[in-house]
Amino acid sequence: MSAPAAAPTSAVLDFDDILAEIGEFGRFQRRNYLLICLPVLFAAANSLSYVFTAGSPTYRCYVPECDKVEDADYGADWVSIAVPGSWSKRGQFTPSTCERFVANGSHFASTSEPWRSWPLDQCSAANFTAETERCHQFVYGSSERTIVQQWGMHCQENLWKLAFVGTVHFAGLVVGTALSGYLADRYGRKHIFLFCIVFMALTGVAQALSWDYISFLVFALLNAVGTSGVYPLAFIIGVEMVGPRKREMSSIVLNYFYAVGEAVLGLSVFLPDWRQLQLALSLPPLICVAYFWLVPESVRWLLARNRREQAGVIIRRAAKVNRRDISVELMASFKQQELEAEASPETDVEGGLDVRKDDKIWLAIKEVAGSPILMGRYAILLLIWAVNAIVYYGLSLNATSLSGNKYLNFALVCLVEIPGYSLAWLFLRRFGRRMALSGSLLLCSITCVASGFVTLGANWLVVTLFLVGKLGITSSFAVIYTFTAEMMPTVIRSGGVGVMSTFARFGAMLAPFVPLLASYYDPLPLLLFGSLSLVAGLLSLLLPETFNRKLPDTASNLPKCWNHSVQLSHLHR
């Protein structure tokens, strides 16, 4: 007796087809997109806050023989006489931080307070010998107050402690990026996104209340873990809520918010105390707790996890807000798949996920690992991510050629990323993902090499080439996020982008060491950045184009999605 025929199964519902009816970027998506962009401002500021909270202020030795007790002047005319230091080519004197010249005893042998016999405007070389001594009191060049003053971490022997804060920060980013990506694929984008925001805020407040250096490090590590998940998950949610024609826009505009968030730190000139600054960056994100009721879960993730009932509620709400009507055929197809999902043994159960459901992630990983072509392409992506991080952070560390107010310079270096993101947007729309990535990297390569050969030339030319190079690598970073997300199947998209971003963090750890190469050959750091960008730009040409392709839901759909473009003629505007 033959077995009964299996019930016919409806075609798999594609979210891009749904978006064609409810709108690719309607009022519903615009509102939620703005909501997910706002926390990115504070994530960007928190990710670089240690530059100012753990930065080294400008200071020199306090010279009681010449300094006023109440109102000491850091840049007094006599400082070069009393304190050793160095002169720049422009004739600017930079005093040593922790050494001063020993006072000449013959000038004050007859008084216990010799400096009072010296008019403050007549300190001369005769008052000091050529010998130096350490000092324990300091005069500061501004009102800036960091952990240096808080816990007495002055002088050369304590510089490693300040640098170690950055190392701990990157370690937290490595852990948080990988962890948040995996958890978002398993438990949902929304919940992990909200957890990262709140965790970032609470640990930031705790960091501001640190009682010693060790507690500051611990909370800096935890803050980086939370911060690292905010931008990648906002990016994934943004990409997954819009149609194919709006994906590059969603990724680029999010980067605008990130650049502005970084530049906001330049306003710390008005909050010179590190505790006040950290609190100002950490308390506002707590408002995002309301996102639990305001921001919906990713429909693509719900569909990939067979939670069609929840997805249907969000889709109908989006159609209502966007003032669109859903066709009877689409609703019938959706209802049919809801019924099939309820009858399927893979349906989610209350209180957790079925084991077979979790296996979808590992199945996708196995399919990718079993394909030499896919593994080769993802290996190229890993290399490009690492190069992006090394060059991006390396150029930032080499930004000292931009002289002037450090707060203004910091803001400008961050804001120059906006033209870079705009360039990426233009490249993405006109030339596709592959050529946009390659072109951005090659632009950076050319300007870095050119800048390396004119390091001894006009300062304006060096600065201009530096900014163009930063613009190019910024554009590349924006493109690689979009490119990577579109090359990953839905079930491992967050985790895949997280792995790439984590690998990039390891590359970023190498960036601080690259400037040391200048001791062997001055242009070598910039030449290295140019060479790495050149190699990455050429390798990117080996990747498949994903522009106007449907997002793949499974690893088996990757070749089909890459080889066939989306038919856009039927899509609503």
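## Surface and burial

The protein exposes about 26,100 Å², and carbon and sulfur atoms supply 64% of that. Accessible areas here come from the Shrake-Rupley method with a 1.4 Å probe, and for residues only the protein chains shown count as cover. Of the 573 residues in the protein, 53% are buried. For burial, the cut-off is under 20% relative accessible area, with exposed set at over 50% and partly exposed in between (1.4 Å probe, protein chains only).

A word on what you're looking at: this is a predicted model, where local features need pLDDT of at least 70, side-chain atom pairs count only at pLDDT 80 or more, and totals for chains, interfaces and linings use all residues. Residues are numbered from 1 along each chain as its sequence is written, and side-chain values use heavy atoms, with hydrogens and water left out.

## Overall build

The protein has 22 helices and six strands. These are DSSP runs numbered from the N terminus, with helices being H or I over at least four residues and strands being E over at least two.

Now for contacts, meaning heavy atoms within 4.5 Å. Take those between residues at least 6 apart in sequence: 79% of them join residues at least 24 apart.

## The C61 and C135 link

There are two disulfides in the structure, a disulfide being a pair of cysteine sulfur atoms within 2.5 Å. One of them pairs C61 with C135, and the sulfur atoms sit 1.8 Å apart. C61 is in strand β1 (residues 59-61), while C135 is in the loop between β5 (128-134) and β6 (138-140), so this pair links distant parts of the chain, 74 residues apart.

Going by the -75° about its S-S bond, the C61 and C135 link is left-handed. Both cysteines, C61 and C135, are buried.

## The C98 and C155 link

C98 and C155 are also joined by a disulfide, at 1.9 Å from S to S. C98 lies in the loop between β3 (93-95) and β4 (99-103), and C155 lies in the loop between α5 (147-150) and α6 (159-187), so the pair ties together parts that are 57 residues apart in sequence.

What about handedness? The torsion about the S-S bond of C98 and C155 is about -105°, which makes this disulfide left-handed. C98 and C155 are both buried as well.

## Other cysteines

C444 is in no disulfide: the nearest cysteine sulfur belongs to C448 and is 3.8 Å away. With a relative accessibility of 0%, C444 counts as buried. C414 is buried too, at a relative accessible area of 5%.
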